[in-house]
Amino acid sequence: MADASGGPWPGDAGGGSPPAHTVTLTDLLRVPLHRFRLVAAVAAVGLLAAAGYLLLVPAAVTANAVVAVRPVVTDAFTPSGAAADRAVNMNVESGIATGTEVVQRLADAGGRDPREVRDALEVEVPTGGQILRFGYRASDPRQAVESANLAARAYLDVRRAMYEKQRAEMLRSYDDSIARVAAQQSALQKRIGGARDGAVDAAVAELAGINNQLTQLNSARTEIAAVDVNPGWVTRTADRTLVSAPGHRSLHLLAGLLGGLLAGVVLAYVRESADRRVRSVAEVRDATGLPLLGTVRRRHPRAGRAVDADVRYVAMAVAERVRQPARVALLTPREDATALTAGLAVALAAGGREVFVADDHGRAERLRGAVLADRARLPAGVDPARPVVPRPRPGGSVIGGDPPPPAPARRPSPHPPGARPSTETDATLTLPRPAPSTDNGWSPEADAVPVGAGSVRFGTWRQCAGHGLVLYNAPPAESDERGVAVARQGTAVVVVERDRTRQGDLRRLADRLRAAGVTPLGFVLTRNGRG
């Protein structure tokens, strides 16, 4: 055997520093595009989640009512000054508006849980004003309007009751003070009536002071009784026409879709970081240290047929490195290289070589079918057996001239060959020459498939003796060692399938070849056009 040496194996890559790799924008986009099924599935889940939320959770509407808060003063016509919000502590008023009494009234009126009412009720206080904006959120617009108006009225009632209670307490205090002063006045008047001349002047002076105090108390009580305890009024009631609907449903769907896409991209990067499959030629070189013989693309990501020109380029690279007789084993870690084996056999045979395809794994029929299919696609310039000139027109018509005269018909012989018996006494019987066969009765001529100027034959590894160029369709090396054993008698081509071959399996195959003393010709990266 005179196989061209593929060169020594490179040094152990683990001893040196790995080559620097620059991450580009294409690398960032490759992962989501490669995992587009995962990204699309997660985006669909996000969209379905948003749609389910819109269907299962009722849409909430919000009704608003506005209350103007006024300070309780004795003179309602007195201006409150520039800082109107300081006349009333709006923080206290907001706390009263969301207090227990208001919430309990809303809960009793609607028969709802006070916690739900507290969550649905919102009170806003604009900066620098004496306004309380009551907002109530509910699924029913009517319920939202009634609850908002009820909350505003409940606040005014509660605040009015508090003012009235304070006024009643102050009036009772004034009444008690007036009663005590009046009792003192009565006692002093009785004392003046029975007093002597010297003590009358002092008693009269004391009575004048008591009368003055009584007058002031009555005046203050009158002012307190005249106070308007109205805490304010509703300036805008909630109405069905003023109910604010929630955000657009399409925005929720868009948010769900975008959130799903973002989560899908993140999951795609996570899965890509955990999935150590071969993605590029550089990764195969780093894992094996072998030269590249060629890449075989697909005509379409879903098509099962490779680009024929890529296979022919690989065949030229293999033919350049081997000399007959040659034994080339096509090795894969776990994949099936039947399609590439058939394509290489056709491409090598089209150039005038007699190629023998060996297989011990029960794939002979598949190999034959693939060879026949590849042979049918050979162009006229590649297949010398296919005529380059076009076929003549039907009926023998010739453009620009008269048709040629028909050939004279020959009469059939009355005695076909072999039908007339021989009258010679020394006549011998001529038998056809038997085709050569192997020990087990296999006939290579009967199994040959003509391809161009050469042919392709099929058989097992034991039947390849005497053939110049043998392609061994090796079984997966992870489960069968026959491919490596055959490569020890010749050479090997490592077939790597992009997006399927794992880097760990590829490194293990390279270590096994190195330990067995095999120097492969190189590697072929298939399905390079996918993704």
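This is a predicted model: local features need pLDDT of at least 70, side-chain atom pairs count only at pLDDT 80 or more; totals for chains, interfaces and linings use all residues.

Start with Ala187, which sits in helix H6 (residues 141-193); helices (H or I, at least four residues) and strands (E, at least two) are DSSP runs, numbered from the N terminus. Is Ala187 buried, exposed or something in between? At 46% relative accessibility it counts as partly exposed, since buried means under 20% relative accessible area, exposed over 50%, and partly exposed in between (1.4 Å probe, protein chains only).

Local features need pLDDT of at least 70 and side-chain atom pairs count only at pLDDT 80 or more, while totals for chains, interfaces and linings use all residues, and side-chain values use heavy atoms, with hydrogens and water left out.

Zoom out for a moment. The protein chain has 15 helices and 12 strands, and 36% of its 531 residues count as buried. Take the contacts (heavy atoms within 4.5 Å) between residues at least 6 apart in sequence: 79% of them join residues at least 24 apart.

**Stop 1: the sheet under H6**

Keep H6 selected and show what it lies across: E1, E2, strand E3 (131-138) and E4, with H6 running at about 20 degrees to E1. For angles like this one, axes are lines fitted to C-alpha atoms, for helices over the stretch in contact, and angles run from 0 to 180 degrees between N-to-C directions. These 4 strands make an open sheet in the order E2-E3-E1-E4, with antiparallel pairing; two strands pair if DSSP finds at least two bridges between them. At the edges you find strand E2 (121-124) and strand E4 (232-236), each pairing on one side only. On average, neighbouring strands here are turned by 30 degrees against each other, direction ignored.

Next, pick strand E1 (residues 61-69): 4 bridges join it to E4, and the two run antiparallel.

**Stop 2**

Now select E5 through E12. These 8 strands form an open sheet with mixed pairing, ordered E5-E12-E11-E6-E10-E7-E9-E8. Strand E5 (292-296) and strand E8 (449-451) are at the edges with a single partner strand each, so one side of each has no neighbour in the sheet. From one strand to the next, the twist averages 25 degrees.

Select strand E7 (residues 354-358) with strand E9 (residues 454-459): they pair in the parallel sense over 5 bridges. Val357 has Phe458 in E9 as its bridge partner. Then bring in helix H14 (residues 482-489), which packs on the sheet and touches strand E6 (326-331), strand E10 (469-473) and strand E11 (491-497); its direction makes about 150 degrees with that of E6. Helix H15 (residues 503-516) packs on the sheet too, touching E6 and E11, and its direction makes about 175 degrees with that of E11.

How many residues of strand E12 (residues 522-526) are buried? The count is 5 of 5. In a regular strand the side chains alternate between the two faces of the sheet. Here, Gly522, Val524 and Thr526 point one way from E12, while Phe523 and Leu525 point the other way.

E12 pairs with E5 in the parallel sense over 4 bridges, and Thr295 stands opposite Leu525. With E11, E12 pairs in the parallel sense over 5 bridges, and Val495 stands opposite Val524. Trace the chain from E11 through H15 to E12: this β-α-β crossover is right-handed (with the strands pointing away from the viewer, the path from the first strand over the helix to the second runs clockwise).

**Stop 3: a helix pair**

Finish with helix H11 (residues 338-350) and helix H12 (residues 364-376), which pack at about 50 degrees with their axes 9 Å apart. That makes H11 oblique to H12: angles under 35 degrees count as roughly parallel, over 145 as roughly antiparallel, 65 to 115 as roughly perpendicular and the rest as oblique. For side chains to display, residues including Ala339, Ala342 and Val346 in H11 meet a set in H12 that includes Leu367, Ala370 and Val371.

Methods:
Residues are numbered from 1 along each chain as its sequence is written.
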